[in-house]
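Dear colleague,

Please find below the sequence and structure that I am handing over to you. My notes on what was found follow directly after.

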Amino acid sequence: MAERVLLRVLRGASDANIRFTGLRALLLRLGFEERIKGSHHIFTREGVDEILNLQPRQSFAKATK
C-alpha cells in the first residue's frame with residue numbers, strides 16, 4: 001500500500017485524491033515524526049529542512065493551492 005501511495009505522490013498528478021491515512025502511514029514509514037495541533041498534522045524528520053503540514057479533508061489529504 002505504501003508503495004502505491006509513494007508512486008502517486010511522485011507522479012504529482014492526483015494531489016487531491018490521496019487518502020490521508022495512506023499518506024500519513026507513508027510518512028511515518030519513511031521515518032517522519034508526527035505532531036498534531038488541531039486538524040494539522042505536522043511532520044518533521046532530521047535531515048529534511050521542510051516541515052510538512054497536512055490536514056485531512058473528509059478521508060483525503062487536503063490539496064495545497
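**Helix packing**

Helices H1 and H2 pack at an angle of about 100°, and their axes lie 9 Å apart. Axes here are lines fitted to C-alpha atoms, for helices over the stretch in contact, and angles run from 0 to 180 degrees between N-to-C directions. The two helices, H1 and H2, are therefore roughly perpendicular to each other (angles under 35 degrees count as roughly parallel, over 145 as roughly antiparallel, 65 to 115 as roughly perpendicular and the rest as oblique). Helices (H or I, at least four residues) and strands (E, at least two) are DSSP runs, numbered from the N terminus.

Please note that this is a predicted model: local features need pLDDT of at least 70, side-chain atom pairs count only at pLDDT 80 or more, and totals for chains, interfaces and linings use all residues. Residues are numbered from 1 along each chain as its sequence is written, and side-chain values use heavy atoms, with hydrogens and water left out.

Where H1 and H2 meet, Ala2, Glu3, Val5, Leu6 and Val9 of H1 face Gly22, Leu23, Leu26 and Arg29 of H2, contact meaning heavy atoms within 4.5 Å.

**Nonpolar core**

The largest nonpolar core has eleven residues: Ala2, Val5, Ile18, Phe20, Leu23, Leu26, Leu27, Phe32, Phe43, Leu54 and Ala61. Such a core is a set of buried Ala, Val, Leu, Ile, Met, Phe, Trp, Tyr and Cys residues joined through side-chain atoms within 4.5 Å. The elements giving two or more residues to this core are helix H1 (2-11) and helix H2 (20-29), and H2 gives the most, with four residues.

Leu23, found in helix H2, is buried at a relative accessible area of 13% (buried means under 20% relative accessible area, exposed over 50%, partly exposed in between, with a 1.4 Å probe and protein chains only). Not counting residues up to four places away in sequence, Leu23 touches Val5, Val9, Ile18, Leu54 and Ala61.

Arg45 lies over the face of Phe32, at 5.8 Å from the ring centre; the rule requires NZ of Lys or CZ of Arg within 6 Å of the ring centre and within 35 degrees of the ring normal.

Gln58, in the loop between strand S4 (56-57) and strand S5 (60-61), has a positive phi of about 60° although it is not a glycine. At 78% relative accessibility, Gln58 is exposed.
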